Amino acid sequence: MSAPSPSTPSSLFASVVAELRAAGCVFAEDEAQLILATARTHAEVTAMTGRRAAGLPLEHVLGWAAFAGLRVTVDPGVFVPRRRSEFLVGQAVALARPPLTTPLVVADLCCGTGAIGAAVTARLTGALPGPHDPRTGPVPVELHAADVDPAAVRCARRTIAPFGGQAHQGDLYAALPSRLRGRIGLLVASAPYVPTGDIRLLPAEARDHEPRISLDGGADGLDVVRRVAAGAPGWLAPGAHLLLETSPLQAEALARDLTGAGLPARAVTDPGLDAATVIATVTATGTATGTGTAPHEPPRRR
Ligand SMILES: C[S@@+](CC[C@H](N)C(=O)[O-])C[C@H]1O[C@@H](n2cnc3c(N)ncnc32)[C@H](O)[C@@H]1O
């Protein structure tokens, strides 16, 4: 069990735990500790505990989420970044290589809070410790994040500001400055991928408190993800990587679809996190490849 901080009266901790437990919170002690550490006044403790007991996601109550070593702002009504997306972050960081003379342009489409782009950038630039390729060291990054939802963009703007990132609002690529065409070296997207018919099966916290547009991926869940993939070739630089989050159930089929559409792709999964990422890589000569060959190999002579 987590202990309250030494300055918190144990009676307050106990009453928060009791209220959360009565409301059915399984991790009542941990959540109470987070509420007590986040609230600035007794009145805030009471209000936050009440909101959590009423069923709001903990991250909406706290106003932040822990993600890949960062504390990310999460406003009410914005999708809460999921732990499984840390898998995509790790894959992206492992693949990224700096261009010769300019910063690596990283774009996070369907960015929500901006957590993924921020975490990738934090690691690549060395702002957060993480696995660096000893051959490259820290990589300078120009970060762009975009979302159709203005509330998400407001959140993302705050999340990525410390990394010099810019947040844009609009439908997928329409949000991005056109000067990024053909220049994006790393394109990451965790777009909505829940099939419409499965939304009713989601936990109430997601169903009732996250916007439908952040969840609903259409009949098979892949409508938006496919649009991201279809638009990518016009925006990716030679040697770029496209990483798309899906569910493990969708990943192989999506990789096949992309390959069939001329963007060869491969699926990687982490069963422990229930995570899947579909990765396509453009060769240094501008042809996509997802065959698993080291994507940063120098181009072969023809
Ligand atoms: C599943 S949430 C993921 C958010 C964020 N990538 C993350 O992992 O925390 C999907 C996001 O896609 C955004 N979105 C949905 N359709 C979009 C579109 N056509 N253009 C841009 N963003 C879109 C939603 O507003 C939502 O923030």
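1. Leaving aside neighbours within four places in sequence, Leu254 is in contact with Leu222, Val225, Leu244, Thr246 and Val278; two residues are in contact if their C-beta atoms, placed from the backbone, lie within 7 Å. Leu254 belongs to helix H11, residues 248-260. Helices (H or I, at least four residues) and strands (E, at least two) are DSSP runs, numbered from the N terminus. Leu254 counts as buried because it has 23 C-beta neighbours inside 10 Å. The cut-offs are these: a residue is buried if 20 or more other C-beta atoms lie within 10 Å of its own, exposed if 12 or fewer, and partly exposed in between, with C-beta atoms placed from the backbone. One of the contacts, Val278, is 24 residues from Leu254 in sequence, and their C-alpha atoms are 7.4 Å apart in space.

2. A word on the model and its numbering. This is a predicted model, in which local features need pLDDT of at least 70 and side-chain atom pairs count only at pLDDT 80 or more, while totals for chains, interfaces and linings use all residues. Residues are numbered from 1 along each chain as its sequence is written.

3. Now the overall picture. The protein has 11 helices and 10 strands. Of its 302 residues, 43% count as buried. Among contacts in the protein with a separation of 6 or more, 64% are between residues 24 or more positions apart.

4. Strand E3 (residues 104-109) runs parallel to E4, and 6 bridges join them; two strands pair if DSSP finds at least two bridges between them. Leu104 has Val141 in E4 as its bridge partner. E4 also pairs in the parallel sense with strand E5 (residues 166-169), over 4 bridges. There, Ala167 in E5 is the bridge partner of Ala145. Between E4 and E5 the chain passes through helix H7 (residues 150-160), and this β-α-β crossover is right-handed. Right-handed means that, with the strands pointing away from the viewer, the path from the first strand over the helix to the second runs clockwise.

5. Asp147 has its place in strand E4. Is Asp147 buried or exposed? It counts as buried, because 30 C-beta neighbours lie inside 10 Å of Asp147. Not counting residues up to four places away in sequence, Asp147 touches Cys110, Cys111, Gly112, Ala152, Val153, Ala156 and Gln169. Asp108 is 39 residues from Asp147 in sequence, and the two are 8.7 Å apart in space, C-alpha to C-alpha.

6. Next, the surroundings of the ligand. Which of the 21 residues around the ligand come nearest? They are Cys110, Gly112, Val148, Ser190 and Ser214; a residue is near a molecule or strand if its C-beta atom, placed from the backbone, lies within 6 Å of it. Helix H6 (115-125) and helix H9 (212-215) are the elements that give two or more residues to this shell. By class, the shell has 13 nonpolar, 5 polar and 3 charged residues. Here Ala, Val, Leu, Ile, Met, Phe, Trp, Tyr, Cys and Pro count as nonpolar, Asp, Glu, Lys and Arg as charged, and the others, Gly among them, as polar.

7. Helix H6 also links to the interior. In H6, 10 of the 11 residues are buried, including Ala115, Ile116 and Arg123. Gly126 follows H6 and has a positive phi, near 90°. The largest nonpolar core has 78 residues, and Leu109, Ala119, Val120, Leu186, Leu187, Val228 and Leu242 have the most contacts inside it. H6 gives the most to this core, with 7 residues. Another core, of 14 residues, lies apart from it and has Leu20, Ala28, Met48 and Leu62 among its members. A nonpolar core is a set of buried Ala, Val, Leu, Ile, Met, Phe, Trp, Tyr and Cys residues joined through C-beta atoms within 7 Å.

8. Finally, two backbone details to look up. Most residues other than glycine have a negative phi. Leu172, although not a glycine, has a positive phi of about 40°. Leu172 lies in the loop between E5 and strand E6 (184-189) and is buried, with 20 other C-beta atoms within 10 Å. Asp274 is not a glycine either, and has a positive phi of about 55°. Asp274 lies in the loop between strand E8 (265-270) and strand E9 (275-282). Asp274 counts as partly exposed, because it has 14 C-beta neighbours inside 10 Å.
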